[in-house]
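Hello,

I am passing a structure on to you, with some notes on what turned up in it. Please have a look at it first and then read on below.

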Amino acid sequence: MKSFVTEESFWNLFPEARIGIVVAHDMQPTDAVSPEHAQAITWALAAANEAADRHLESNTISQNEVVAVWRDAYQQFKTKKGARCSIENLLKRVLKGNPVGSITPSVDIYNTVSLKYALPVGGEDIDSFDGDIRLGITEGGDAFQPLGDEEDAPTLEGELCYRDNAGAICRCWNWRDGQRTALTDESAKAFLIIESVDPTRADDLRAATDELAALVQEHLGATIFAKQIVTRDNPTMVIDE
């Protein structure tokens with residue numbers, strides 16, 4: 001059995017945070033996704049790139065509220081210089097007229113939801129986890145090979161990250177994914193995460209979580225093993241048997 005565990009060190013920093021989790025099992029590999037469903041995912045991502053504009057009231061990325069709350073959050077823990085929340089990176093592309101493109105069907109789906117709701121969304125391959133996945137402040141030195149890089153980039157002392165027994169999974173909370181646990185064209189079990197630090201957006205988070213589950217179920221044939229909003233009062237959940 002594998003679980004997702006949010007540690008007290010996380011809640012001490014962000015007591016009002018909410019994390020939407022979707023656990024999808026039995027996802028179809030990319031080559032098994034029908035042309036119709038592949039096209040639907042492509043259209044959904046294109047529509048989400050356009051819809052993201054409504055979250056951008058300023059041409060200065062940091063002055064948009066959906067980004068500013070994360071800039072503030074990143075001041076609460078140790079980060080690598082220049083690290084930014086994933087939603088800021090996506091919205092910056094939209095602002096510059098450089099739409100977020102296709103990667104793999106599962107990643108395209110979670111980027112669709114991220115852009116539509118202006119919330120950071122990520123995904124990891126559950127079968128690659130070594131034990132439970134934990135979110136908390138680390139003592140540093142967790143092994144981590146960034147996605148697309150060849151060299152190890154271990155975590156810093158005081159950094160907030162997702163990690164398992166083998167090392168870090170996503171650094172600086174939701175900044176950078178690792179090669180070891182990234183979703184691929186062959187991933188069958190996905191741990192999908194949506195984070196919010198703004199308590200006024202609880203309804204948006206729940207809607208985004210529901211939509212994410214519906215999309216992977218409809219277009220990738222997945223079985224939704226679990227779906228939950230993780231809070232300080234409800235900090236753990238089982239993600240695999």
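Let me start with a cluster joined by ring pairs: its members are Phe-10, Trp-11, Phe-14, Trp-70, Tyr-74, Phe-77 and Trp-173. Rings of Phe, Tyr and Trp (its six-membered ring) are taken as a pair if their centres lie within 6.5 Å; planes under 30 degrees apart are called stacked, over 60 edge-to-face, and the rest tilted.

Before going further, a word on the source: this is a predicted model, in which local features need pLDDT of at least 70 and side-chain atom pairs count only at pLDDT 80 or more, while totals for chains, interfaces and linings use all residues. Residues are numbered from 1 along each chain as its sequence is written, and side-chain values use heavy atoms, with hydrogens and water left out.

The structure has 10 aromatic pairs. In one of them, Phe-10 and Phe-14 have ring centres 5.8 Å apart and planes at 45 degrees, so this pair is tilted. Both Phe-10 and Phe-14 are buried (under 20% relative accessible area, with exposed over 50% and partly exposed in between, for a 1.4 Å probe and protein chains only).

Next, the strands (DSSP runs of E, at least two residues, numbered from the N terminus). Strand S6 covers residues 167-171, and five of its five residues are buried, so S6 is largely enclosed by the rest of the structure. Two strands pair if DSSP finds at least two bridges between them. Strand S5 (residues 160-164) pairs with S6 in the antiparallel sense over three bridges, and Tyr-162 stands opposite Cys-170 in S6. Two residues lie between S5 and S6 in their hairpin.

On to strand S7 (residues 176-177), which pairs with S6 in the antiparallel sense over two bridges. Here Arg-171 stands opposite Arg-176 in S7. The hairpin of S6 and S7 has four residues between the strands, and Cys-172 takes a positive phi near 50 degrees there. Arg-176 also lies over the face of Trp-175, at 5.9 Å from the ring centre; the rule asks for NZ of Lys or CZ of Arg within 6 Å of the ring centre and within 35 degrees of the ring normal.

I hope this helps you find your way around.

Best wishes
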